[in-house]
Amino acid sequence: MKRAIEESFPIVEINRLAVPERNAFKPIYQMHKWFARRASSVFRAILLASMKPAGTDIMEEFYKDHTNDLDTNGVKILDPFMGGGTTIIEALRLGCHVTGIDLNPVAWFIVKTESEPVVIDDLKAAFKRLEERKTASGIPVREELLSHYRTECPCCGAGVEDADIIYTFWVKSAICTNSICGLEVPLFSDYIISQKSPSTRYIPDYVCLHCKKEYDLDLEPASLIAEGSLTVYNFKDSSGELRSNKRWALLNSPLPLRERDRVRGGFNRATCPWCFKEDDVSDTFSYKKGKKKVPLTVLLCPHCWSVWQHRGTLPEDVSCPACKKDYAPVKGNIPSKGDFICHSCGTRDKIIVSIRRLPKERLLPVKPYSLEGYCPSCAGVTAENLFGEKVKTNGPASHACNIRNNNGKFFKRITPSDLKRYQDAENRWENEKDSLPYPKGEIPDGQETHRLLEHHYIYWRQMFNPRQLLCLSTLLKAIDEEGDQVLKEMLLSGLFTTLESNNVFTRHRADANKTEGVFARHDFQPKATFAEGNVWGVKFGKCSFIKCLDKAMDGKVFCYKPFDRAYSKGETVTVFRNEVIERNTGTSITCGDSGKMDSRFRGNDEQTDTTLSSNLIITDPPYADNVNYSELADFFYVWLRLILAKTYPHFAPEITPKSEEIVENPTRGKTSSDYEKGLTEVWRRCCENLEDDGLMVFTFHHAEGSAWEALLESICNAGFVIEAIYPIHGESESSLHLQDKQSISYDLIHVCKKRQVKEGDKDSGRKRSWATIRQEIRKRAREEIRLIEAGRYGSGWSENLPPADINIILIGKCLELYSRHYGMIVDYKDEVVPLRDALTAIRMMVEQLVSSAQPLPSELEYVDPVSYIYLTCLCDRMEVQSDEVHKATRGILEPADLIKAGIMHKGRAKRGRTYEVKHPVERYKDLQTFFSKKTSSLLQIALFPEMEEGKFDNVALVDILHFLMGLAHESGDIIQWLREFNPAMPQIRAALEYLRVKNPTFNDPVSRVLSLMEV
């Protein structure tokens, strides 16, 4: 039976769902941090299109309930690279029997807990037990952890530390490398702590009772700090956005706004900004009110370390209201990336140089410089706890509160009591660490971890400060005391995600007022400034334990009430179904090496055996050297194993397995060849365990063309043929090699089948001419264009399917034909045409077919790829910027290919960030030697094969053009060589005429050659 995905795929509709989903993954995929997650909507569509017969409307099926669908229930799905589990979860929703395998124990744990059946009330009860569990100090876990993050509210504290710390902000200091100086230099790139434009209610154009002039009367303070004396105003535009030309005043009342609106009488006062007399605003309720945004910037003073606030546009230079000293707020001690400058002696050096002068295990010194806190009393609101219960906080404030409109949040400087509280936690850690679980091992050297070692992070524990270690290990010990293994692992899921943003690699973004965890960039990047969060957590703040556990609960709720998003009348709506996500009797989640699987695969987990005979294989293989999952996953693994090693053997080693990982990694001696061999072995195993009429469908995403070529090579060598390739918009942080580097990146959906050798098939094993195959490929591509224009992948090519998508679809169709004859396609010399050469030719054919410009004369339709790129992109240039090469060449060839072909070389100027295009005269001597050898060793018919499609397989047209132009410049015998090149004369003439127009500097040599061609 032919499946829907072999025929078509709803690219336009699924892209519309996938792009926003990557910004807000469904709850089950937010339970844990994993790398390069794929949109679940893509995999749901892949699964349905792979199981439904051809002709099925997949988008109609997408929103159906498949609880009792005979086409999906019980279908055996194998995912040999399950990673974060998108295939597993979406297949379970459809009632499939799923086998998921991954070498990485962290991925195994993620998928196991995602698919584990859990009673939500039992999980809530386990959390209740956890927060009440006693610590070494004899107090409950919740109180213990919160006690380490208390501070005094600068608005109402009066010496009492009953406010909560949301974040503490730290800065590293480089030690000046000037031997005479040696000063510690705080590594601030700027002194901005936070920037925000909160909304505030006001009465526009209030008229002063005394001078009759108008001003904005703000009814509530706009402030991110509590101390009014530490706010400085920009007199030009401090009133607020769109009100910059107005003067303003704040209603001065100790009562909250809701109380003020009820007051009738002379309690409300405001000082007119024009005459400075006091207005008695007797009844604010009767005035028309509006809302405006007020730009605020919280700043640190580098002189006295005060934390203060600037209202309005931030100028280039400011004056601290505390010490009165001037400084530039956006000019810190880091003049450029990786450098620092000593503010005392002026020495400029690399930060890494300062680090290297320290003892091996010593880190750069750190110092807290500010914190963000939360005061429930000043907030005066009703909060909601983890269970959705309303919890009454302190009532309305009876004081003039600057931070009520900021929900009780405030920024402030570090006080002596804040330092003492941190030091107390540090001392507690030293006294109790021997009885607490925490990772004690060393960080191994690797491609991703090498930077850690360079910065003197030798042990995993150094990625956390002592207070974080105390809280995290105390929490982990309490979780380990949970008696139910399933509930223990669910609580551990909350800690898993907490780790990602509670370490010294978490940065605070002042412009967005949020934090980003260690893996915001999918690597280990030491931070000069970092944010320490409240580990247990309060109402505000990101990725505290209670918020991460809340995510885990939401994920388990989603298992019993899954939903998808749909578009209706231009709006996004949520569609719920009765499908359930939980492991069934036909499901196995296995930690093991997919390269060693056979029909009875014994995994390294609680399962005994796994039957791998599959109807479908749906997966997302590793991406060469793009993301080294195991090295990054070790960050989580070294914590998880402290509990899980007692139950699961694959958590016994100190770090995740590396030797079997399919990846390119020079530090481990893993080459691109190893990557291809590893993939080939897994694909072979998949081919053995896939039913004869089954499909293997996978997505792939990579910026390097070589990695994609290695993948395609492994697929063909393992016995598969490519049926189709469809583009789906992927992550925007990198671009696929095939596409313009400026365009959106792609995940490519590859649809493959087992290569079938039919009995009695005369063509089986027969060699095929590459020139003939190219004719068939071109014909297939033209037919596909006709189907695209007819709406095969969306309602209208020009409206909904971008040109880059069309290119990928056509390349996929061309590769389908190539893969069917893989290993049997030969060139004019009877040598097998490698995939790399075939892919280059296919890219060029597709480019020619879809290009609306049609830049070359019709005689040059079958020109070779190097000549095509030279004529269309390079012939009128002297140099090309490195970052423009892919855009100029449309990804048909790599720069290395063009250098090897001799038409350009690496530039000498601008630090080698350019490529210089060679002039024909510059190439003449080399080409003279080249053609002398060609014509003396080969017959003319071999120089130019008979078929037009292969005319320039032996000699590139650009080499002929440059040689003839070089001859003209050197006054050589052009007529002799025109005789040699006679079979290609129409193409040579058309190309020379094209060059004369395209590059006028070629006019003299080109005209001379053309004049002799007419003789």
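These are my notebook entries on a predicted model of one protein chain.

**Ground rules.** I number residues from 1 along each chain as its sequence is written, and side-chain values use heavy atoms, with hydrogens and water left out. Because the model is predicted, local features need pLDDT of at least 70 and side-chain atom pairs count only at pLDDT 80 or more, while totals for chains, interfaces and linings use all residues.

**Whole chain.** I started with the secondary structure. The protein chain has 32 helices and 40 strands. Helices (H or I, at least four residues) and strands (E, at least two) are DSSP runs, numbered from the N terminus. Next I looked up burial. Of the 1015 residues, 57% are buried. Buried means under 20% relative accessible area, exposed over 50%, and partly exposed in between (1.4 Å probe, protein chains only). The chain exposes about 41,600 Å², and carbon and sulfur atoms supply 49% of that area. Accessible areas come from the Shrake-Rupley method with a 1.4 Å probe; for residues, only the protein chains shown count as cover. Then I checked contacts (heavy atoms within 4.5 Å). Among contacts with a separation of 6 or more, 70% join residues 24 or more positions apart.

**Cysteines.** How many disulfides does the whole structure hold? My search finds zero. A disulfide here is a pair of cysteine sulfur atoms within 2.5 Å. I looked at C208. Its closest cysteine sulfur is in C272, 3.6 Å away, so the pair is too far apart for a bond. C208 is buried, at 1% relative accessibility. For C275, the closest cysteine sulfur is that of C208, at 3.7 Å, again too far for a bond. C275 is partly exposed, at 24% relative accessibility.

**K213.** I found K213 in the loop between β7 (199-207) and β8. K213 is partly exposed, with a relative accessible area of 41%. Leaving aside neighbours within four places in sequence, K213 touches Y206, V207, C208 and W274. R247 lies 34 residues away along the chain, and its C-alpha atom is 9.9 Å from that of K213.

**The sheet with β7 and β8.** I traced an open sheet of four strands, in the order β10-β8-β7-β13, with mixed pairing. β10 (248-250) and β13 (290-293) stand at the edges; each has a single partner strand, so one side of each lacks a neighbour in the sheet. The twist averages 40° from one strand to the next. Axes are lines fitted to C-alpha atoms, for helices over the stretch in contact, and angles run from 0 to 180 degrees between N-to-C directions. Strand β8 (residues 214-218) runs parallel to β10, joined by three bridges. Two strands pair if DSSP finds at least two bridges between them. D216 stands opposite W248 in β10.

**Helix α3.** Is α3 mostly covered or mostly open? It is mostly covered, with 12 of its 12 residues buried. Among them are F43, R44 and M51. I also checked its span. The 12 residues (40-51) should span 16 Å at 1.5 Å a residue, and the end C-alpha atoms are 17 Å apart, which agrees. The expected span is 1.5 Å times one less than the number of residues.

**Positive phi.** H522 has phi near 60°, a positive value in a residue other than glycine. H522 sits in the loop between β25 (514-516) and β26 (529-533). H522 is buried, at 13% relative accessible area. S971 also has phi near 60°. Its loop lies between α29 (957-970) and α30 (974-980). S971 is exposed, at 55% relative accessible area.
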